[in-house]
Amino acid sequence: MGRWDRAGRVAAYGAALALTPYLLIKVSWVVGSLLGLLPVGTGFGTAEWVVLNSATIGMAGIGIAVALALVRPWGMRIPAVPLAFCAWVGTGFLVPVLPYAVLSSLLGSEDGDPKSGSDAGPSMPAWEAALVQIGFVGMGLGLAIALPAYLRRRWPDAFAGRLGDGGEGSPRALPWTAVVGAAVGLVWLYWAVGGTAGVAHRGERDLPWYVLSGVFGLWAFVASAATCAAVRGRPARVPRWGPMVLGWLGSGSLFAWSGWKLPFTLYLAVAQPADAALPENLALAAVLHLAAVGAGAAMLRALVRTRLVSANA
């Protein structure tokens, strides 16, 4: 076993272990709210609260299973498509926000969940918030190490070669996904630097909202640039693994985070709870999230197709 495989093994088990407390916490929230032992989150009824946290329980369970699949022998035998999709969504959720998560931990932020509190508990104690934060950071770091090691074992030529070596498209072609991703990222960056157009509730903006808007905006631009480079085969002779990795992470961030935020945005638009609001205009936010989900999925498809064409060239 090589050093990369050993590091991936430790990282995969560490990721699964780190996320387990988060899973147990969410189970306790669901059970406690159903039994009337714990209050529900601000802006939610009991049914909505149970549905939301049941979804995160499922996501955490899938995350733990993916982490184990990256290191256990059975992970080399299961179908590649569902495993790759779950790993793509998982890394898109966690890896792009790792700097923010680590910084908020060091600063003692009470908002341990980078979802900007959309599923945070109504009175989360400090020890519980710390476990949630450890779960996110540990899972993100673990996937960042374990996934490349797994890909290296299962598809050793996935990121081999350099741009321009294979059958990439015309250098003049500009993928529509890059245009849409850059447009979405531009809006988020505009909000991050204090822009107010499209902001309906200025008083709801806080520091995490500004920072995360900037983080997601930057990753949208990274995804667009990386996908454009991979599809066009330019700049020539650049190692292909760079645009592929950045495109993987950026497209996953677009798809995962906007896919998570879109239902929550639609819920607020329909239910209009008096004690919960987003800073941005809900209609505009829904359009941006829908565009981001579509662009992220199309970027992944373009990256996969580009690699397949190059491999067969």
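In the predicted model, helix 2 and helix 3 cross in a left-handed sense. Their axes lie 10 Å apart and the packing angle is about 115°; helix 2 and helix 3 are therefore roughly perpendicular to each other. Helix 2 contributes M59, I62, V66 and A69 to the contact, and helix 3 contributes L83, C86, A87 and F93. By residue class, this contact of helix 2 with helix 3 comprises 8 nonpolar residues, with no polar and no charged ones.

The crossing of helix 6 with helix 7 is likewise left-handed. Here the axes come within 7 Å and cross at roughly 160°. Because angles over 145 degrees count as roughly antiparallel, helix 6 is roughly antiparallel to helix 7. On the helix 6 side, the contact is formed by T177, A178, G181, A182, G185, L186, W188, L189, W191 and A192. Helix 7 supplies W209, Y210, S213, G214, F216, G217, L218, A220, F221, S224, T227 and C228. The residues of this contact comprise 14 nonpolar, 8 polar and no charged.

The largest nonpolar core contains 61 residues, of which F93, M139, W188, F216, W248 and L254 touch the most other members. Two or more residues each are given to this core by helix 1 (3–34), helix 2 (46–69), helix 3 (80–94), helix 5 (126–154), helix 6 (176–192), helix 7 (207–232), helix 8 (241–271) and helix 9 (282–312). Helix 1 provides the largest share, 9 residues. Apart from neighbours within four places in sequence, M139 is in contact with A15, A16, A18, L19, G63, I64, A67, L94 and I134.

Key
Residues numbered from 1 in each chain as written. Predicted model: local features only at pLDDT ≥ 70, side-chain atom pairs only at ≥ 80, totals over all residues. Heavy atoms only, no water. Core = buried A, V, L, I, M, F, W, Y, C linked by side-chain atoms within 4.5 Å. Buried < 20%, exposed > 50% of the residue type's maximum accessible area, 1.4 Å probe, protein only. Helix = DSSP H or I, 4+ residues; strand = E, 2+ residues; numbered from the N terminus. Contact = heavy atoms within 4.5 Å. Axes fitted to C-alpha atoms, helices over the stretch in contact; angles between N-to-C directions. Parallel < 35°, antiparallel > 145°, perpendicular 65-115°, else oblique. Left-handed = near helix turned anticlockwise from the far one by under 90°. Nonpolar A, V, L, I, M, F, W, Y, C, P; charged D, E, K, R; others polar.
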